[in-house]
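Reader: I would like to learn how to read salt bridges, helix packing and surface patches from a set of coordinates. Could you take me through them one by one?

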Amino acid sequence: ATRCAAPQEPVLLRLRERGAAPGRGRLDLAAQSLSLETCGALGRLLPGAAPFAEVALGDCGLSEEGVTLLLHGLCSNTTVKLLDLKGNNLRTMGAEALGKLLRQNKSIRSLILEWNSLGMWEQGFSSFCQGLGANNFLQRLDLRNNQINHQGAGELAMALKQNASLQELDLRWNNIGLLGGRALLNCLHSNKTLKRLELAGNNVPSDILKAVEQAMNHNQDRQTILSESRNRADILSKEVLSLKDEKTKQFLDLMDTIEKQREEIARSDRMSAARVSQLQEALDEQHSIMNSLKARLQMTEAALALSEQKVYNLGELLNAVRQEQTGMAECHFKELQQQKQEGADREAKLFRDLSVAEEKNLLLRNQVDELEKKCKIQQDQLFQVKQDLTNTTAELKLRAMQAEERLETEKRRFKQSLEDMESLRVKEVSHLTQHMEASEHSMQERIQKLEAIRIALEEELSQTKAAALTERGQAEEELIKVRNWARLEEQQRLEHLEEKLRLMTESRDEAQNCCLKQKQMVAEAQAKANQLSLHADGLRRRLEELQQDLNSKEEEKVTEVNKVKVELKEQIGHLQAERTAQDGLREKIAALERQLKAISSSHREAMLDKEGEISVLLEKLRMKEADISRMREEEAQRASFLQNAIMAYVQGSPLGTHSSRK
């Protein structure tokens, strides 16, 4: 605080040249005699961002021109928060300047005008009150010892009806009286921001003072309730925004995981296509091997044809030999008889050779049949292998498509559930805001109706308000508990869905690994088939082993598919249970809303009953006041009659005549 003993303009200029931070210092010139020049210097120093937050000019004996200069400089000030003009005997011009200051200044929060006798100047005080009504920034006003009468109090009441920022007003030690107190009490019906109103030492009746205190208490309670409701609304809005952000993040994370899964599926499809191409190449190699086997079969058939031709030639030779033997028998019958034994021996030998040749032919034919059977079996086995490969590829494609469809359906269900939950939350928030606005509106109407009631009825209303506030707090606590429970259930459900997605991805990875293993086994089987094509006997055994492996793997696949079906059924059951839980929550919310409506209707009925009772009591009070006024008039008439009678008696008595003669 800077305190000057005899402030002059150079001193103030030094203060400006020091470069103090605006709005942090204090200018204290209380009980100093300020000339017109210093007032002008202060008026030039104060506009804009002056380096003072508080200006104390109490008991300075300021003139009207100096006051106007100072207040004119403060009109455009933006840093001064407190202005003290105590004990300066302000008059009409000062009051008008104060009204102008209150209209234009937007930074002053506290104004002290104690001991200034502003109420003596009606025109200036009316302009001051008009400026106060136009101001929406002043919070504290001190008007003690200003000789304000009931007319000034009426003007202040009109200003307070328009003002919406003043919180404290000190009117102690004035001449407000009964009429001024009533005017101020009536203005408090429309002013809801004033928290403190001091009226001591104004000859105001005690009932009006108590009514003013009750109105102040109502205003304080209302402002606390409004601040609490605003804080709750802010907290709810922040919670809703945080929940939306969390949901968007979770949705984005799920979309990223789904995209990654799609990429992995595409990679697996590419790998499967490459492996299918390899399998096709292996099949082409098997086709070439089969062609070579067919060529070998053709060679064996050609060899068989040559052997048949040889047999036919041998038969022709035998016929020729028989013809020669018959000729020789005719020609050399005698030689034949001698050589019968030799011929018989030769014939036996020839028959033996023929039987051996025939046996050889039969063996060759059997071998050819066996080779043909082996070729047919190999062709059947190759056809079965092809069919198995096509079936496995088709099953893999179907499983991939089914997995994609399941993922898409789960995505749609999850999106629908998210949209439903968001719509439900938006509806709940809108319903709560509407309910809060309706309750605030009803509370304002109730407060406006109940402010004119007597002391006893106001105590009952305060009790009912306390009960209503407790019930409302309980209802809000129940709503908060229900919301927290719904949030916890949503989080649990999201975690459950994430675990399900993780399990599905793991099962899909396992299926892919199984497919890869199966493809590797098929490739190994094809390699073995290529190797065993040279040895037919080994092919049959190895093909049987491969068929057994394939059957076992197919059984494993069937078991895995059944497991997946069971898991899907369990997931569907969980989702149905969650839906039932959501329906139960909705029913609970509807029941709570019904309870709130019933409570509000009961409160309204109670308020209507109390308003009827209040109207009856007011009518009784009016009747009593009319009776009292009538009794007073009768007593006044009686007193006048008695006075007239006494005066007549005194004048008619000898003492009265004697005193008149004297």
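Predicted model: local features only at pLDDT ≥ 70, side-chain atom pairs only at ≥ 80, totals over all residues.

Reader: What does Glu168 meet in a salt bridge at 3.6 Å, N to O?

Author: The general idea is that side chains of opposite charge can pair when their charged atoms come close. In this case the partner at 3.6 Å is the side chain of Arg140. Arg140 belongs to strand E6 and Glu168 to strand E7 (residues 168–170), so this pair, too, ties together parts that are 28 residues apart in sequence. Arg140 has a relative accessible area of 33% and is partly exposed, and Glu168, at 29%, is partly exposed as well.

Reader: How many salt bridges does a search of the whole structure find?

Author: The search finds 12. One of them joins the side chains of Arg26 and Glu54 at 2.3 Å, N to O, and this pair links distant parts of the chain, with Arg26 in strand E2 (residues 25–28) and Glu54 in strand E3 (residues 52–56).

Reader: Now to helices: which residues of H5 are buried, and what covers them?

Author: Buried here means under 20% relative accessible area. In helix H5 (residues 122–134) the buried residues include Phe125, Phe128, Cys129 and Leu132, and their cover includes helix H4 (92–104), strand E5 (110–112), strand E6 (140–142) and helix H6 (150–162). Helix H4 has its own buried residues, among them Leu98, Leu101 and Leu102, and the buried residues of H4 pack against helix H3 (64–74), strand E4 (82–84), E5 and H5.

Reader: How should I read the record's coiled-coil feature, and where is it placed?

Author: An unreviewed UniProt entry places a "coiled-coil region" at residues 276–310 and 354–634. Over residues 276–310 the chain is 100% helix and 0% strand, with the end C-alpha atoms 51 Å apart.

Reader: Finally, which residues make the nonpolar surface patch?

Author: An α-helix has 3.6 residues a turn, so residues three or four places apart point the same way. Leu642, Ile646, Tyr649 and Val650 make a nonpolar surface patch of about 450 Å². Leu642 is found in helix H12 (residues 536–652), and this residue is exposed, with a relative accessible area of 55%.

Terms used: Residues numbered from 1 in each chain as written. Heavy atoms only, no water. Patch = residues over 30% accessible without salt bridge, like charges linked within 9 Å, V, L, I, M, F, W, Y side chains within 5 Å. Areas by Shrake-Rupley, 256 points an atom, 1.4 Å probe, with all protein chains shown as cover. Salt bridge = Lys/Arg side-chain N within 4 Å of Asp/Glu carboxyl O. Helix = DSSP H or I, 4+ residues; strand = E, 2+ residues; numbered from the N terminus. Buried < 20%, exposed > 50% of the residue type's maximum accessible area, 1.4 Å probe, protein only. Contact = heavy atoms within 4.5 Å. UniProt positions renumbered as here; feature names shortened; annotations may be inferred.
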